[in-house]
Amino acid sequence: MGRVLITGITGQDGGYLAEQLATAGMQVHGLVRPHDTAVSTLRERVPSVVVHEADLADHARLRQVVDDVEPDQLYNLAGISSVAYSWEHPVLTAELSGVAVAVLLDAAWQLQERTGHPVACVQASSAEIFGSAAQGHLDEQTPVRPINPYGVAKAYAHHMAGVYRTRGLHVASCILFNHESPRRPTTFVTRKITAGAARIGLEGSGVLRLGNLDARRDWGWAPDYVDAMVRAASRDVAADYVIATGEAHSVAEFAEAALRRAGVGDQWRDHVVTDPTFVRPTDAAVQVGDASRAHSDLGWSPTVGFTDIVHRMVDHDTALLQGDDD
Ligand code: NAP
Ligand code: GDP
């Protein structure tokens, strides 16, 4: 049985990852923020999980947790995950999504040097490292040119993953395009839309206040992306992998699909309002990925398409409003 350490285990991806690895028989350890109230939900989902309190900003404690757990695999999922939030907190984003990654990779490398036991690491990188790249489908060769504070922090971490790979650590950097689920917070546009659409569907009135309706994103299903990370950790050779569906849809298309699912029909346009509050200083017009390498090296393909994702999320939010708990 292998031992795995997951940072960000209380987040959307961390929960799915912990479930998948515990089901596979791994001993799952999670790094959690001190006094994190989300731990109780995590324990309901994965009763066997062992948690270790540490803030990403506390470098000494991060190293201590890596040394205490001595993991066979380390998944770094923790950090600031929202582009919108990173505009408000650019320095914190650099510290938590950038510098802390160097600390964790160095701790894993030191552990490996000391014990002679390999530590396979996965860095949760992001399509935001590519910024507004002009080419159609982005892949591992696309130049790294971020255009927001989140992308810059993730780019630093992505490059550090490459540096430690060269140094002999097995580090896969999974360049994740947006991926969603009913566990996504409403600060992200998809869940904001599905939660709002569910309410509008039940009440028959209300509007979705959104920013850039024309932004096109490659939205996948979160458990699929977690599975890709597991495959990347287990492969003999570590590499960068774009994880994406290859299909882009606009925010407006997402809103239409959600409102239709909620029962609003052709009147859906009456329930969408553009609000400048949610428009960002810069925003890539389109982000769509080419996951050919993940397909050929990892045998990975997405299993849930755009319409299904929207429907699952709207149905979940409708059930929540009707009083059915997750
Ligand atoms: P998420 O739901 O926002 O989870 C982030 C996790 O980081 C949470 O467990 C959070 O703990 C933890 N965290 C935040 N600040 C921390 C700190 N100071 N110390 C310790 N832990 C801290 O993110 P996600 O959607 O699961 O994404 C997972 C990873 O993939 C992230 O690195 C994200 O940037 C990357 N990614 C995600 C997407 C996507 O579409 N979801 C796309 C590209 C890349 P709390 O519970 O205490 O908040
Ligand atoms: P992120 O950009 O990866 O953090 O994911 P989001 O879900 O926050 O944003 C995805 C896209 O939706 C971006 O292009 C946003 O500009 C766009 N968007 C449009 N309206 C909204 C909104 O009201 N909230 C958010 N969060 N994003 C919006």
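So, the shell around ligand 2: its residues split into seven nonpolar, five polar and five charged. In that count, Ala, Val, Leu, Ile, Met, Phe, Trp, Tyr, Cys and Pro are nonpolar, Asp, Glu, Lys and Arg are charged, and the others, Gly among them, are polar. Before I go on, this is a predicted model, where local features need pLDDT of at least 70, side-chain atom pairs count only at pLDDT 80 or more, and totals for chains, interfaces and linings use all residues. Residues are numbered from 1 along each chain as its sequence is written, chains are lettered from A and ligands numbered from 1 in the order in which they are written, and side-chain values use heavy atoms, with hydrogens and water left out.

Back to ligand 2. It has 17 residues around it, and the closest are Val189, Lys192, Gly211, Arg280 and Asp283. "Around" here means that a heavy atom of the residue lies within 4 Å of the ligand. Two elements, α7 (189-203) and β8 (208-210), each supply at least two residues of that shell. When I say helix or strand, I mean DSSP runs, H or I over at least four residues for helices and E over at least two for strands, numbered from the N terminus.

Now for the polar contacts, which for a ligand are pairs of N or O atoms within 3.5 Å. Arginine 280 has a side-chain N or O atom 2.7 Å from an oxygen of ligand 2. Aspartate 283 also places a polar side-chain atom 2.7 Å from a ligand 2 oxygen, and for asparagine 178 that distance is 3.1 Å. How much of ligand 2 does the protein cover? On its own the ligand has 530 Å² of accessible area, and the protein covers 96% of that. Those areas come from the Shrake-Rupley method with a 1.4 Å probe.

On to ligand 1. There are 26 residues around this one, with Thr10, Arg33, Asp36, Ser81 and Tyr150 coming nearest. By class we get 10 nonpolar, 10 polar and six charged. Arginine 33 has a polar side-chain atom 2.7 Å from an oxygen of ligand 1, and lysine 154 has one at 2.9 Å from a ligand 1 oxygen.

A nonpolar core, for us, is a set of buried Ala, Val, Leu, Ile, Met, Phe, Trp, Tyr and Cys residues joined through side-chain atoms within 4.5 Å. Buried means under 20% relative accessible area, exposed means over 50%, and partly exposed is in between, with a 1.4 Å probe and protein chains only. The largest core has 36 residues, and Ile6, Leu21, Val28, Tyr75, Met229 and Ile243 have the most contacts inside it. Which helix gives the largest share of this core? That's α8 (residues 222-234), with eight residues. Take methionine 229: leaving out residues up to four places away in sequence, it touches Asp13, Tyr75, Leu77, Val122, Ala124, Cys174 and Leu176. By contact I mean heavy atoms within 4.5 Å. A separate core has 28 residues, among them Ala108, Val119, Ala157 and Ala161.

A couple of buried spots next. Serine 86 sits in helix α4 (residues 83-88) and has a relative accessible area of 0%, so it counts as buried. Beyond its neighbours within four places in sequence, serine 86 contacts Thr93, Asn148, Pro149 and Tyr150. Glycine 289 is in the loop between β13 (272-274) and α10 (292-298), and is buried too, at 1% relative accessibility. Not counting residues up to four places away, glycine 289 touches His137, Leu138, Phe177, Asp218, Val242, Ala244 and Gly246.

Most residues other than glycine have a negative phi. Histidine 35, though, has a phi near 65°; it's in the loop between β2 (27-32) and α2 (39-45). Is histidine 35 buried or exposed? At 73% relative accessibility, it's exposed. Glutamate 70 has a positive phi as well, near 45°, and sits in the loop between α3 (59-69) and β4 (73-76). At 38% relative accessibility, glutamate 70 is partly exposed.

Terms used: A polar contact is a pair of N or O atoms within 3.5 Å; within protein, one must be able to donate a hydrogen and the other to accept it, and residues adjacent in sequence count only if both atoms are side-chain atoms.
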